[in-house]
Amino acid sequence: MIRVRLVPLLRASLFVPLGGAAFAAGSPYIQTVEEQLQQLGYAVGEIDGVFDQALEAGLNAFKADAGLPQNGLLDRETRTLIEARVQTPHANQPDSTGASAASAKPPPAAPNTATPARSQPAQTIGPATPPPASSADADPDAATRYAQATRRPVVFGDPAWRAERPTYRRRIGWIAEVAAEFGGDELVTVTLDNNEREDITAGDGLLLAGGGYWLLRPDFGLQGLLGYKLNESSAADSDLGVERWTLEASAFTFVGEVQLTAGVVHHRDIDFDGDGFLPDFSFDDATGLKLDAAWRWFALSYTQIDYEVNGFRFDAGSIGLRLRGGF
């Protein structure tokens with residue numbers, strides 16, 4: 001499936017001193033491959049679970065004998081072939097499965113020449129309803145009446161929603177959101193079967209969160225959120241990635257229909273899952289700052305936060321696109 005490469009800073013942080021020397025934490029998955037290649041008679045150097053130059057040379061020698069491209073990649077095809085050769089050592093001959101599979105491909109389907117029917121434009125019956133002449137901000141009651149008259153849902157944060165909250169009356173409710181966040185330092189580079197590379201960074205991830213808000217005034221309130229953020233490789237047979245829990249406490253205000261939020265965010269249980277390809281490890285808990293600007297259901301956020309592991313620091317900041325609502 002993959003071949004992984006740690007960025008130099010993180011690779012150095014995974015080295016642990018022992019008796020004045022240093023060793024790299026090995027992967028059981030890689031160690032098994034080393035043992036199997038050595039059993040088949042290929043030199044792989046020390047059996048330590050580390051994908052080094054000696055293992056790459058032995059892997060390329062095996063691929064050359066099997067008739068595969070000598071690109072140093074430990075993909076699914078190579079891994080399956082190694083296991084098959086261990087079980088049937090006398091079958092160590094160049095592999096012809098790729099050629100036979102290519103010749104057995106079904107012929108391409110005939111193109112669809114049917115012409116799709118063109119739909120007729122819908123006719124408008126009756127006059128269109130004009131928008132209200134008055135400003136919703138100038139007259140909140142008018143905004144509420146207009147929303148009810150047009151049967152438009154009252155959206156969290158818009159003037160009609162705030163008009164339903166009596167002045168200075170405290171209001172408690174719920175918030176739910178989903179976000180895609182991007183940014184931060186590169187941690188791991190993953191090479192997929194098609195030789196495309198995918199970077200796993202400290203700030204990337206999909207965030208699901210929920211919590212509550214406390215509206216103290218029509219234009220000011222407090223909110224708290226608990227979320228789970230995950231960033232995984234898109235490879236089919238690997239869960240390599242970073243996961244964490246997030247806690248957020250912030251204050252928000254409204255400027256017209258725009259909601260502005262500022263607060264503190266805390267990340268805990270920040271775990272890197274090597275999925276057998278790399279050692280698992282955990283970052284220290286981290287605290288940072290978060291800002292966002294929202295309009296109705298949509299928000300753009302910025303998070304400033306750093307992760308640390310074994311004395312090394314990584315930028316885990318991000319810019320996020322959010323879909324959120326309040327009830």
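**Helix 2 and its two partners**

In this predicted model, the axes of helix 2 (residues 28-39) and helix 4 (residues 76-87) come within 10 Å and cross at roughly 45 degrees.

Reader: Which residues in helix 2 meet helix 4?

Author: From helix 2 you have Tyr29, Thr32, Val33, Gln36, Leu37 and Gln39. Facing them in helix 4 are Arg79, Ile82, Glu83 and Val86.

Reader: What makes up that contact of helix 2 with helix 4, by class?

Author: Five nonpolar, three polar and two charged residues. Arg79 and Glu83 in helix 4 are of the kinds counted as charged.

Reader: Now helix 3. Why is helix 2 oblique to helix 3?

Author: Helix 2 and helix 3 (residues 53-66) pack at an angle of about 55 degrees, their axes 11 Å apart. Again, roughly parallel needs an angle under 35 degrees and roughly perpendicular one from 65 to 115, so helix 2 ends up oblique to helix 3. The crossing of helix 2 and helix 3 is left-handed.

Reader: What makes the contact between helix 2 and helix 3?

Author: Ile30, Glu34 and Leu37 of helix 2, with Leu55, Gly58, Leu59 and Phe62 of helix 3. By class, that gives five nonpolar, one polar and one charged. Gly58 is part of this contact, and Gly counts as polar.

Technical notes
Residues numbered from 1 in each chain as written. Predicted model: local features only at pLDDT ≥ 70, side-chain atom pairs only at ≥ 80, totals over all residues. Heavy atoms only, no water. Axes fitted to C-alpha atoms, helices over the stretch in contact; angles between N-to-C directions. Helix = DSSP H or I, 4+ residues; strand = E, 2+ residues; numbered from the N terminus. Contact = heavy atoms within 4.5 Å. Parallel < 35°, antiparallel > 145°, perpendicular 65-115°, else oblique. Left-handed = near helix turned anticlockwise from the far one by under 90°.
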